[in-house]
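Open the model in your viewer and keep the sequence panel beside it.

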Amino acid sequence: MNFFLQHTYLSGLIAFLLGAALMPIVIRIAKKKDFVVRPNKRMCHTGAIPNIGGLDICISFLLTYLIFEFNTLQQSQFLLIGVFAIMIVGFIDDILILSPLSKLICELLAGIALIGFADIRLTHLHGFLGIYEMNPIASYLLSFFVLASIINAINLIDGVDGLASGLGMLYCAFFATYFHLVSDTAWSILGICLVGALAVFFCYNVFGGSRNKIFMGDSGSLLLGYMLTAFVFHFCEINAYHSVPEKFQINAAPAVAICILSIPIFDTIRVMITRIKNHKSPFQPDKNHIHHLLLRTGLNHIQTTCVLLSVSILMIGMGILGRNWNILLLVCINFLTCSILTVILWRIIDHKNAQH
């Protein structure tokens, strides 16, 4: 076991191999039980595609983590229970289609395992707006709000092949690398395991063809959002209380986390403001997300995913560069950059429309 702990990257490989072995079984069960999604006005695929890829992600992720960190199960049991619970919520939504309110309530209930029992939450604002350590009520309220926000932002960005899983691998790889650098082995393994599990899904989702293609579904996107929330909370907390070596200390950790997740966060805020401005419910589905806009320029799914992955890498670089800047300054620069890129995209779409 010491060998595995000294070579944490192997957890990603094992998660990938487990996921690869299980995926054909998941696809076969999905088709047999009719756990599929058919073409509709919001989707452009053809044929009935299985939509429970989150099951494969969850199983391979949890099994691999248990193999590597079985001895620390007592410390991580509530986190893992929360992961399983949020996957079940997503699976039920994939099959029965929950209302937005019911879905939100279920997400928050699953969040109790993370925030209430595991006590993984935000307790410190790093001096943002003059606030440092928060009182417990404010800490719990903010933590549940951030949890719901990140989960639903990841859920909404899952609209083209490879996008949610590609972004998820990128985000998890960043957090896993950082936790490895600060010798936080258990959290690093969590991130690496999730990268390996997501990589299998990415291959099937993007390169599976008509026979083996599978969608992540809410069972996968909610799980991914849940784990990214946990990573963000832990990332912010260990930096708030200077629990990392000085050379890896990040004073603007909350702003850096926003930079890392800026694509789904900014897109969700923009879309909801647009819906409210048009006198529509902010939870009403539409085709105004950033990936929809990129598709309008003539890009295909893979090209759209590559563009957004490239922009995310740019934003992560911005976060690393400004890791010790003023928090508000870094957030403003990040949102300004996202706004400028969005305006440029709108101009490209207008120009393309004018040509037709």
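**Stop 1: the nonpolar core**

Begin with Leu194, Tyr226, Leu228, Phe231 and Phe235, the residues with the most contacts inside the largest nonpolar core, which has 100 residues. A nonpolar core here is a set of buried Ala, Val, Leu, Ile, Met, Phe, Trp, Tyr and Cys residues joined through side-chain atoms within 4.5 Å. Buried stands for under 20% relative accessible area, exposed for over 50%, and partly exposed for what lies in between, using a 1.4 Å probe and protein chains only.

The model is predicted: local features need pLDDT of at least 70 and side-chain atom pairs count only at pLDDT 80 or more, while totals for chains, interfaces and linings use all residues. Numbering runs from 1 along each chain as its sequence is written, and side-chain values use heavy atoms, with hydrogens and water left out.

Now keep Tyr226 selected and show its surroundings. With neighbours within four places in sequence set aside, Tyr226 is in contact (heavy atoms within 4.5 Å) with Leu79, Gly82, Val83, Ile86, Ala110, Gly111, Ala113, Leu114, Leu147 and Ile151.

**Stop 2: the salt bridges**

A salt bridge is counted when a side-chain nitrogen of Lys or Arg is within 4 Å of a carboxyl oxygen of Asp or Glu. The count by this rule is 6.

Select Asp93 and Lys103, whose side chains form a salt bridge at 3.3 Å, N to O. Asp93 belongs to helix 4 (residues 73-96) and Lys103 to helix 5 (residues 100-117), so this pair ties together parts that are 10 residues apart in sequence. Helices (H or I, at least four residues) and strands (E, at least two) are DSSP runs, numbered from the N terminus. Are Asp93 and Lys103 buried or exposed? Both Asp93 and Lys103 are buried.

Asp350 is partly exposed at 43% relative accessibility, and Arg347 is exposed at 53%.

**Stop 3**

Select Ile290, Leu308, Val311, Leu341 and Thr342, which lie nearest the centre of the second largest pocket among its 16 lining residues. A pocket is found on a 1 Å grid over the protein atoms alone, as an open set of points where a 1.4 Å probe fits, with protein on both sides within 12 Å along at least five of seven lines; lining residues have an atom within 4 Å of a point.

The volume of this second largest pocket is about 270 Å³, taken as the space filled by probe spheres set on the points, with grid points joined across faces, edges and corners.

Which helix gives the most to the lining of the second largest pocket? Helix 15 does, with 6 residues. Helix 12 (262-277), helix 13 (290-296), helix 14 (301-321) and helix 15 each supply at least two lining residues.

**Stop 4: Leu345**

Staying in helix 15, select Leu345. Leu345 is buried, with a relative accessible area of 6%. Leaving out neighbours within four places in sequence, Leu345 is in contact with Ile290, Leu293, Leu294 and Thr297. Leu345 and Arg296 are 49 residues apart in sequence and 9.8 Å apart in space, C-alpha to C-alpha.

**Stop 5: Cys193**

Go to Cys193 in helix 8 (residues 185-207). Cys193 is buried, with a relative accessible area of 0%. Its contacts, apart from neighbours within four places in sequence, are Ser11, Ala15, Phe61, Thr64 and Tyr65.

**Stop 6: a loop residue**

Finish at His279, in the loop between helix 12 and helix 13. His279 has a positive phi of about 60° although it is not a glycine, and at 77% relative accessibility it is exposed.
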